[in-house]
Amino acid sequence: MPTGPGGLREWPAVLVLALLAGSLVIAALFGFRSATLMIGGTLGVAAILRIFVREVGILAVRSRFTDVMVMLVLGGAVVMLGLSVPPPLVDLPWVPRRTG
């Protein structure tokens, strides 16, 4: 891949932004639960790209370890949020259930 300015160097960031834009379309068409799952998955994709792609352009903010850990933790939190909103798809023991 070229490592010069602009061009193909920014493809990981463009991919992540395209996935996020797709999740906004999904939210508008199908609701927020599927969109939150897609946003969490997008953060996972960004973490994987940060691990395996040497030149990620503006996707790199801090050290590789810090970027990957932040994206994985936030992506996991967003996925858990998407799975636990009423009616929950996953029963989390620390979230009280409303009856009635």
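In this predicted model, Leu15 has a relative accessibility of 34% and therefore counts as partly exposed, since that class lies between the limits of 20% and 50%. Leu15 sits in helix α1, which spans residues 11-30, and together with Leu8 and Trp11 it makes a nonpolar surface patch of about 260 Å².

In soluble globular proteins, nonpolar side chains tend to be buried together. Here the largest nonpolar core has nine residues, namely Val16, Ala46, Ala47, Leu49, Val53, Val56, Leu59, Val68 and Met71. Helices α2 (32-52) and α3 (64-84) each supply at least two residues of this core, and α2 gives the most to it, with three residues. Val16, itself a member of the core, is in contact with Thr42, Ala46, Leu49 and Leu59 when its neighbours within four places in sequence are left aside.

Side chains of opposite charge can pair when their charged atoms come close. Which residue forms a salt bridge with Arg50? The partner is Asp67, and the closest N and O atoms of the two are 2.8 Å apart, within the 4 Å limit used for such a pair. Because Arg50 belongs to helix α2 and Asp67 to helix α3, the pair ties together parts that are 17 residues apart in sequence. The count of salt bridges comes to one.

Conventions:
Residues are numbered from 1 along each chain as its sequence is written. This is a predicted model: local features need pLDDT of at least 70, side-chain atom pairs count only at pLDDT 80 or more; totals for chains, interfaces and linings use all residues. Side-chain values use heavy atoms; hydrogens and water are left out. Patches are made of residues with over 30% relative accessible area and no salt bridge: like charges are joined within 9 Å, nonpolar side chains (Val, Leu, Ile, Met, Phe, Trp, Tyr) within 5 Å. Accessible areas come from the Shrake-Rupley method with a 1.4 Å probe; for residues, only the protein chains shown count as cover. A salt bridge is a side-chain nitrogen of Lys or Arg within 4 Å of a carboxyl oxygen of Asp or Glu. Helices (H or I, at least four residues) and strands (E, at least two) are DSSP runs, numbered from the N terminus. Buried means under 20% relative accessible area, exposed over 50%, partly exposed in between (1.4 Å probe, protein chains only). A nonpolar core is a set of buried Ala, Val, Leu, Ile, Met, Phe, Trp, Tyr and Cys residues joined through side-chain atoms within 4.5 Å. Contact means heavy atoms within 4.5 Å.
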